[in-house]
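Colleague: May we go through this structure together, beginning with a single residue and then turning to the whole chain?

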Amino acid sequence: MRYRRFGTTDLEISEITFGALRFVDGAQATNDEELGRRAILEALDAGVNTIHSSYEYGTRWALEKILAQHPRRADLHHIIKVPSPDYADPAFSEAQFRDHVETALRELKTERIAIVQHLQRGVPKDIIYDERGDPVRIGALQQTNAALLETALAMRQEGKIGYVITFPHTHGYARHAVASGAFDGLIAFWNFLETEMLDVFDDCEARGMGVFSMRPYLQGIITDKRARRDALAGDDPKRGAAWDSQYKLFDKIQAELGTEISSWSDAAIRFALSHPAITSVVVSLNNPEQVQSAIRAIDGHTFDRELIERVRALSR
Ligand SMILES: NC(=O)c1ccc[n+]([C@@H]2O[C@H](COP(=O)([O-])OP(=O)(O)OC[C@H]3O[C@@H](n4cnc5c(N)ncnc54)[C@H](OP(=O)(O)O)[C@@H]3O)[C@@H](O)[C@H]2O)c1
C-alpha cells in the first residue's frame, strides 16, 4: 500500500479508502455478509488504514462486529458523514453534530473520528445536487461555518474528532466552501465521467487542502466488466434509461482514449488518484477479488494534466 499526507495535516492516509456503502447488506446494497467481511479484512491486511462510513448506509452493523475484534482498530482512521443542517432543518445544530459523532464513536469502536465529512443540506432532498439550491446554501454558509467551527473546535479539544472536510454537492457551493477557509479538505465525486470539480481541486492544491475522490468506477460502470454496455446481461440495471447519458459520455471517452487504456478497472483507480491535491480514493469493494484489483491498479502511474484536460473537454 502507498500512503499520502492529507493536505498539511499530520494524517498519513492509504491511497485506497474503504467505502462502506455496499460491502454488506444495507440501505443501498445486498451483499453477502461473509463476502463483505472478507473484502474489508483483505483491504485492512493489505494496508488500507481509512474507512468511509455513514449512519445512512445501513452497514454500520457489520463494521461494528468486524472492528470490535480487529487488532488494528486503534490505528485506523475513520471518515464519517455528518449533515447539519439536514434537509428539513433551518440551521446548524450542535446537538445534531455531536449526536452523529458520538454514535459513530460507539459503533466504530474508536476513540476518535479522524475526519468529519460535513454536509450542509438545508434544502429539500430533490434539489440538493441542483444549482437551484445554491443561493440558499451559499447564503447560509458563513453562519453555518461559524457554528460548525465552534463545535468542531470543542470536539477536537475533547479528542473526539480530528479534521473537518466538506462534501459540497454542487460545483457552485464547492467554490465558496473551499474559499471560506473553514475546512481542512474536500471530498467529491471524481472519475473519468465526473470531472466538474477540476478547478476546485486546483484551488485546494493552492491552499494546501487535501481532497478525497469518490466513486472511481461510477458505481461499477468504468470497469472491464461493464465498459461494453451491449455485452451486459439483458436484465442488468445498467442497461436502464437512467444510465444512458453516462454511457453516452463513456463511449466518447472510450473512442478518444481506447488505444491508451488496456484496463478500465485499473485506469479508473489511477485516474481517481490523478490530481496533486488528491490524498485517497474512496471506493466500494465487495469481495476479495475487487480489493485485489484496486490494489493492483495502484502502480504509481497516475495520469498527467494533459489527459485530464482531454477527458474534461469531452464532458463539456
Ligand atoms: N454523498 C456521499 O458521501 C457518498 C455518495 C456515494 C458514495 N460515497 C462513498 O463512496 C464509495 C464509493 O461509491 P460507489 O459505491 O457509489 O461507487 P464506486 O466505488 O465507483 O463503485 C463501486 C462498485 O463497483 C463495482 N466494482 C468494484 N470493483 C470492481 C472491479 N474490479 N471490477 C468490476 N466492478 C467492480 C462493485 O459493484 P459490483 O459488486 O456490483 O460489481 C462496487 O459496488 C461508497 O462506498 C461511499 O463510501 C459517498
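**Asparagine 31 and its chain**

Modeller: Asparagine 31 is buried, as its relative accessible area is 15%, and buried means under 20%, exposed over 50% and partly exposed in between, with a 1.4 Å probe and protein chains only. The model is predicted: local features need pLDDT of at least 70, side-chain atom pairs count only at pLDDT 80 or more, and totals for chains, interfaces and linings use all residues. Residues are numbered from 1 along each chain as its sequence is written, and side-chain values use heavy atoms, with hydrogens and water left out.

Colleague: Which residue has its backbone oxygen 3.0 Å from a polar atom of the side chain of asparagine 31?

Modeller: Contact means heavy atoms within 4.5 Å. Leaving aside neighbours within four places in sequence, asparagine 31 has contacts that include Arg22, Phe23 and Val24. The backbone oxygen at 3.0 Å from its side-chain polar atom belongs to asparagine 286.

Colleague: What radius of gyration does the chain have?

Modeller: The radius of gyration is taken over C-alpha atoms, and the globule rule is 2.2 Å times the number of residues to the power 0.38. For 316 residues, a compact globule would have a value near 20 Å, and the chain agrees with this at 19 Å.

Colleague: What percentage of the residues in the chain is buried?

Modeller: The C-alpha atoms fill a box of roughly 55 × 45 × 35 Å along the principal axes. Of the 316 residues in the chain, the buried share is 55%.

Terms used:
Polar contact = N/O pair within 3.5 Å; in protein donor to acceptor, adjacent residues only side chain to side chain.
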